[in-house]
Structure formats: C-alpha cells, structure tokens
Amino acid sequence: MRAIPGAMEITLQYVDPELWPRPEGWTAVGLVGHLALAYDPERQPFLVGEGEPIPLERDVVNHALVAAVDRAGMKVWPGGWTHALPAAFGLNKRTTQRDRIERQGLHPAVLLALGQAATHSDADGIGGLLVAIASYADRYGDGYGDLGVALDRAEDAAGKAADILRSVRRPRSLRNRDGFG
C-alpha cells in the first residue's frame with residue numbers, strides 16, 4: 001500500500017457517487033484533495049475518483065482522521081463533540097477518543113454520518129437534534145428491542161414537540177392578542 005507524501009488532510013462530507021464513482025459496497029466518507037476517501041467492505045481505505053482505486057496505509061489515514069473528526073465534530077457540536085458524538089451515534093466513549101481514532105480509526109458509517117451532519121448550513125442545529133433524538137430513543141425506546149421502532153417513536157415524539165411549540169410560538173402579530181408575551 002502506498003501513502004500520500006506529506007500530511008494528508010481529510011474533509012468529512014457527503015461524496016456524490018456520480019462525481020466520485022466507487023465499487024459497489026464501498027463507503028465514501030469525504031475528500032482528500034480532489035479525490036474521495038472510501039473504504040472497501042473490509043474497511044481498507046482507498047482514494048477513488050480517477051481510474052483504479054488507490055490503496056492507502058491505514059495508519060496514515062487514521063492519523064489524518066483525528067483532525068478531520070475534530071473539524072467536523074466542532075461544526076456539529078461547537079461546544080465540544082467528545083461527549084455528544086458517542087451519545088448521538090450510540091458509541092462507546094473510548095471509541096471516539098483521539099488516541100483510539102489514531103490507532104483504529106472510526107467505522108466508515110460513523111465517518112459518513114458525521115460528514116453529512118457537518119455539511120449542513122445548520123450543522124450545530126442538526127447536532128442538537130441528533131443528541132436529543134438519540135437520547136429520546138435510548139430512554140424511551142428500549143422496551144421495543146428494535147432500533148428502528150425506537151427511532152420511529154423518537155421521530156413521532158419530535159413531531160409532537162414541534163406541534164406543542166407551534167401552539168405557543170406564534171407569529172408576533174398574534175402573540176399579545178392571545179395572552180402570550
């Protein structure tokens with residue numbers, strides 16, 4: 001496997017498969033320059049986008065992931081991501097510590113989700129919602145034993161919460177008429 005000379009800078013983000021084609025079953029998690037960083041099903045990192053995939057040294061990629069996760073994490077959770085990321089994504093806190101990321105990386109699905117959240121113009125709002133919805137699903141969905149059902153219940157609860165907010169957070173023109181400040 002070959003490494004990219006010099007320091008590698010990874011930007012975690014959504015990577016359009018039309019622009020950066022990759023083999024079936026691979027997960028693209030961001031960009032390194034103008035090429036996509038993608039993982040094969042065995043979690044081996046590659047650069048894709050021009051010709052044949054270029055294999056990368058896992059150690060080089062993991063070292064660069066520390067900064068990439070930090071940059072993306074701070075966009076999503078500006079107050080600090082070290083507790084929020086594991087809480088939102090259901091990870092062991094040790095898994096997301098910098099030294100562990102440098103040694104073992106993170107699962108491509110986690111990198112993809114973090115990159116997707118970080119690319120939103122309201123990334124910090126998305127971050128708050130990720131933690132809140134995950135917390136609700138963890139707390140009130142455990143009795144179902146099915147993550148999908150737990151998240152469906154959390155989504156339903158978020159809709160009910162939005163309805164409650166709609167009932168009191170009215171346009172300014174209606175606020176004082178109804179006795180709301």
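User: How many helices and strands does the secondary structure of the protein chain come to?

Analyst: The protein chain has seven helices and five strands. This is a predicted model. Along the sequence, the elements follow the pattern β-β-β-β-β-α-α-α-α-α-α-α.

User: What share of the 181 residues in the protein chain is buried?

Analyst: Buried residues make up 33% of the chain. As for contacts with a separation of 6 or more, 47% join residues 24 or more positions apart.

User: How should I read a helix, and what span should helix α5 have at 1.5 Å a residue?

Analyst: One compares the expected span with the distance between the end C-alpha atoms. Helix α5 covers residues 123-140, and its 18 residues should span 26 Å. The end C-alpha atoms of α5 are 25 Å apart, which agrees with that expectation.

User: Which residues in α5 are buried?

Analyst: The general idea comes first. An α-helix has 3.6 residues a turn, so residues three or four places apart point the same way. In this structure, the buried residues of α5 are Ala123, Gly127, Ala134 and Ala137. Viewed down the axis of α5, they fall within an arc of 105°, so they line one face of the helix.

User: Which helices do the buried residues of α5 pack against?

Analyst: They pack against α1 (58-76), α2 (84-89), α4 (108-118) and α6 (147-168).

User: How do I read the packing of two helices, and at what angle do the axes of α5 and α6 cross?

Analyst: One reads the angle, the distance between the axes and the handedness. The axes of α5 and α6 cross at roughly 120° and come within 8 Å. On the α5 side, the contact is made by Ile133, Tyr136, Ala137 and Tyr140. On the α6 side, Ala150, Leu151, Arg153, Ala154 and Ala157 take part. Ala137, named here in the contact, is also one of the buried residues of α5.

User: At what angle do α1 and α4 pack?

Analyst: The angle between α1 and α4 is about 45°, and their axes are 8 Å apart. That makes α1 oblique to α4. The crossing of α1 and α4 is left-handed. Leu65, Val69, Ala72, Gly73, Lys75 and Val76 of α1 meet Leu111, Leu114, Ala117 and Ala118 of α4.

User: Which residues does leucine 31 touch?

Analyst: Leaving aside residues up to four places away in sequence, leucine 31 touches Glu9, Ile10, Thr11, Gln13, Val15, Trp20, Ala36 and Leu37. Leucine 31 and valine 15 are 16 residues apart in sequence, and their C-alpha atoms are 7.5 Å apart in space.

User: What is the phi of arginine 43?

Analyst: Most residues other than glycine have a negative phi. Arginine 43 is not a glycine, although its phi is positive, about 70°. This residue is found in the loop between β3 and β4, and arginine 43 is partly exposed, with a relative accessible area of 33%.

User: Where does glutamine 44 lie?

Analyst: Glutamine 44 lies in the loop between β3 (35-39) and β4 (45-48). At 22% relative accessibility, glutamine 44 counts as partly exposed. Glutamine 44 and proline 108 are 64 residues apart in sequence and 9.9 Å apart in space, C-alpha to C-alpha.

Definitions and conventions
Residues numbered from 1 in each chain as written. Predicted model: local features only at pLDDT ≥ 70, side-chain atom pairs only at ≥ 80, totals over all residues. Heavy atoms only, no water. Helix = DSSP H or I, 4+ residues; strand = E, 2+ residues; numbered from the N terminus. Expected span 1.5 Å × (residues − 1). Buried < 20%, exposed > 50% of the residue type's maximum accessible area, 1.4 Å probe, protein only. Arc of directions from axis to C-beta. Contact = heavy atoms within 4.5 Å. Axes fitted to C-alpha atoms, helices over the stretch in contact; angles between N-to-C directions. Parallel < 35°, antiparallel > 145°, perpendicular 65-115°, else oblique. Left-handed = near helix turned anticlockwise from the far one by under 90°.
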